[in-house]
Amino acid sequence: MSYRAGVSELNTPEEFYYTSSTTTQPRKPAALRRLAGTGSSPLVTYDGTGAYFLDQLATGVWRLEVMPDAIQVRDPFATTSLRQPVTRIAWNTQPLRLTLPNLGSDFTVRGLNEGNTFQGQATNATVRLQPGVYIVAARSKNTSNFTAQTKVGAIKLGEFVAPSATNLPVQVLHTAPTQLQAGQAATLQATVAGAAATDSLLLVAQHYYGPTRTIPMRRLTLTTAEATVPANLLYPGLLRYWIVVKGNTRNTTFPGGHPGSPRDWDYAPREQWEASIVAAGTALPLYVASQDQQRTETGALMGAAGPIT
């Protein structure tokens, strides 16, 4: 377990499990029989955020189960409420790359769960898949004996249960940096939930009482995006910015999820992200009560003579 890397792993000759992306090499790849994880590893490259499970059925033949994307939209350690979803579920089609021993780079893939009719072949060890169960096999392997009803252990190969997609409006999650260095370009990243693959994302950045720029954001995956604010906009002062999700028929601006764009003449909402732009060498405040009080937990311990502060 690594707190710093944010990952837990189990790595034995036959099993390789990890809770988030890892660079750890499996102990004996050729002896591997079971693999499960989220994110990417030396054997699996995956853009999605859902878990996946691989179980070897025979040499060069694997059962693959892919769960839908899980997108964290709120602090899971905040006050619990049934009216405040913490995680959104999205059934996205995502690229997945497998470099398992004896599989090759042109392996075949066949859907097994109910309603999953996918049949395809990998290119450069990569295939695009939606959540479901699949037979993944080296191109030379005959997998006709493996059907949805074939039993392996306590389950049938085609069994698949997953949570339904979350039906909520689009959300953009972002935390503004405390400071930005003047004269140095800055890359800002955001998590996006509910935006279609065809939607565009725009960063509208404005130096306080100065110029405003609209910067197209790069979709790193279906759920992450980034944009780089140029150095010539980052001179000492204050940067204000918004993220606009641009669909076919409407624009939605964050923070707040308001209709329209900050560049519209009649855009009225006052919400925005802000970051101070400071010269190199400026002191970095560790705590500003007016800004950080909502992220501070305080209390008193009770002693025999009263509260201990």
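Which backbone nitrogen does the side chain of Asn-11 reach? The side chain of Asn-11 reaches the backbone nitrogen of Arg-27, at 3.1 Å. This is a predicted model, in which local features need pLDDT of at least 70 and side-chain atom pairs count only at pLDDT 80 or more, while totals for chains, interfaces and linings use all residues. Residues are numbered from 1 along each chain as its sequence is written, and side-chain values use heavy atoms, with hydrogens and water left out.

**Asn-11 and its surroundings**

- Asn-11 is found in strand E1, where strands (E, at least two residues) are DSSP runs numbered from the N terminus.
- Besides the nitrogen of Arg-27, the side chain of Asn-11 reaches the backbone oxygen of Gln-25 at 3.0 Å.
- When neighbours within four places in sequence are left aside, Asn-11 is in contact (heavy atoms within 4.5 Å) with Phe-16, Thr-24, Gln-25, Pro-26 and Arg-27.

**The sheet**

- Eight strands form an open sheet with mixed pairing, and their order is E1-E2-E3-E5-E6-E13-E10-E11; two strands are taken to pair if DSSP finds at least two bridges between them.
- The edges of this sheet are strand E1 (9-11) and strand E11 (119-121), each of which pairs on one side only.
- From one strand to the next the twist averages 15°, with axes taken as lines fitted to C-alpha atoms and angles running from 0 to 180 degrees between N-to-C directions.
- E1 pairs with strand E2 (residues 15-18) in the antiparallel sense, over three bridges, and Tyr-18 in E2 is the bridge partner of Glu-9.
- In general, the strands of a sheet pair through backbone hydrogen bonds, either parallel or antiparallel.

**Backbone geometry in the loops**

- Most residues other than glycine have a negative phi, and most peptide bonds are trans.
- Asn-102, in the loop between strand E9 (94-98) and strand E10 (108-111), has a positive phi near 70° although the residue is other than glycine.
- Ala-125, in the loop between E11 and strand E12 (126-129), likewise has a positive phi, near 65°, in a residue other than glycine.
- Ala-125 is buried, with a relative accessible area of 3%, where buried means under 20% relative accessible area, calculated with a 1.4 Å probe on protein chains only.
- A cis peptide bond, with omega about 10°, joins Phe-254 and Pro-255, and Pro-255 has its place in the loop between strand E24 (251-254) and strand E25 (258-259).

Technical notes:
Helix = DSSP H or I, 4+ residues; strand = E, 2+ residues; numbered from the N terminus. Buried < 20%, exposed > 50% of the residue type's maximum accessible area, 1.4 Å probe, protein only. Polar contact = N/O pair within 3.5 Å; in protein donor to acceptor, adjacent residues only side chain to side chain.
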